[in-house]
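Subject: Structure for you to look at

Hello,

Here is the structure I promised to pass on. Please open it beside this email and follow along.

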Amino acid sequence: MTSQHISIPTTRLSPTGIRRLLSAGTALGVVVLASALVWLLAPSLGPYETLLVPAHHLVEDGQTGSRVLAAAQAALGVMTTTAGLLALYGRPPAALIGWIGLAAGVAMGLGFVGFNGLAAAGYTLALALPVTLITTVVVLAVKRPGIGIPIALATIGGITYALFGPLSVVRFYGLVLEQAAVDVPKFTAPLVFILFAGIWALLGAQLLRRRDGALGRFVLRYRVPITIASSVCALPYVIARISWLTPWPLFGGDATESPEALATGLMLGAAMLTGAILNIGLVLPWGETFPRWFPRIGGRSVPEALAVVPAAIVAALFTAAGFESILALFADVGGMPVDQLLLILVLPFWLWGPLLGAATWGYAQHRVLTAASGAS
């Protein structure tokens, strides 16, 4: 029976899930408001003099512009903190909180996240990759030695090469940590903005949507090709970075002359590949059930929110970055810089973001239907 002939339950998080998101969103609203007040009084302590966010196109440079941006940030903090507290401890209309959340999330994403948030998320994921990889390989070697031990040996060889070879991942870590230490607000602010935009946009969508309708049925029916298409969006960047290991480097290949730049590019390429693998997991069995070799949780159902919330946040992040890249492409009237055009083709977040959002929606509907059929 196809999805056109069945009744699709509304893909909405449980009341407990909504309340947890409200608690997280309210806490982020307080953080955004408190930091904005500090930066409003002392612009030199904030990120806006060195961190160029999309909203910079609307304000002048210098401390005056930084204060304007801090004031706008404070307004978003006031909106969401108030809305969150009312929702948690009062009884306001759900639609009112939904519209406030959606407006605040979109405003933060388009005005303050952009490509900076993408860079911050990419570096953070790249920093976490080695620890995650080592942990996974060790567990796999213990639980499934037949395939785990060869993978572990290959991983040891890769780590040895990365530490002592010409790439030196240690240089990548040193470079990122050094930059973060020099300007902490510039490094941490985009991460806070990402979480704020993603959680409040997701909350708004959850509270405002009454039924999935024809578009929901389309997304559910074609969720597999949509998810595959969204994962493929990572390939241009991954292929370009892999090419740095060949005599024919693509997309910034001149940087391969610097070991630091080479290590950074390859680590970011690995982060992008990891994102694509997690993306395709939305239609693979391990996206619904933890593999049995996972300690303690193996064989259990993956909590829907564990997949939906991060994927929705990343979809919002990619869409915001794609919006800024398109905006930058047409920033010069009558012009279309070749470098910027190449950038949006190699990093097609303008396409990946909406496709990932649709893939996440399809996954959520599929999980609801699976749960409903299991209950019946």
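Accessible area here is computed by the Shrake-Rupley method with a 1.4 Å probe. By that method, the protein chain exposes about 19100 Å². Carbon and sulfur atoms supply 71% of that area. Keep in mind that this is a predicted model.

Overall fold

Start with the secondary structure. The protein chain has 13 helices and 0 strands. The chain has 376 residues, and 43% of them count as buried. Now take the contacts between residues at least 6 apart in sequence. Of these, 77% join residues at least 24 apart.

A nonpolar patch

Next, look at the surface. Six side chains form a nonpolar patch there: Val-224, Ile-228, Val-232, Leu-235, Ile-239 and Leu-250. Together they have about 490 Å² of accessible area. Two elements each give two or more residues to the patch: α8 (223–232) and α9 (235–242). Which helix gives the most? That is α8, with 3 residues. Ile-239 is found in α9.

Aromatic rings

The whole structure holds 8 aromatic pairs. One of them is Phe-349 with Trp-352. Their ring centres are 5.9 Å apart, and their planes meet at 5 degrees. Planes under 30 degrees apart count as stacked, so this pair is stacked. Both residues sit in helix α13, which covers residues 349–375. They are 3 residues apart, so about one helical turn separates them. Are they buried or exposed? Phe-349 is buried, and so is Trp-352.

There is also a ring cluster to find. Ring pairs link Trp-39, Tyr-48, Phe-112 and Phe-193.

One residue up close

Finally, pick out Thr-81. It lies in helix α2, residues 63–89. What does its side chain reach? The side chain of Thr-81 reaches the backbone oxygen of Gly-77, at 2.7 Å. Thr-81 also has contacts beyond its neighbours within four places in sequence: Thr-26, Gly-29 and Val-30.

Best wishes

Note on methods:
Residues numbered from 1 in each chain as written. Predicted model: local features only at pLDDT ≥ 70, side-chain atom pairs only at ≥ 80, totals over all residues. Heavy atoms only, no water. Helix = DSSP H or I, 4+ residues; strand = E, 2+ residues; numbered from the N terminus. Buried < 20%, exposed > 50% of the residue type's maximum accessible area, 1.4 Å probe, protein only. Contact = heavy atoms within 4.5 Å. Patch = residues over 30% accessible without salt bridge, like charges linked within 9 Å, V, L, I, M, F, W, Y side chains within 5 Å. Salt bridge = Lys/Arg side-chain N within 4 Å of Asp/Glu carboxyl O. Phe/Tyr/Trp six-rings, centres within 6.5 Å; stacked < 30°, edge-to-face > 60°. Polar contact = N/O pair within 3.5 Å; in protein donor to acceptor, adjacent residues only side chain to side chain.
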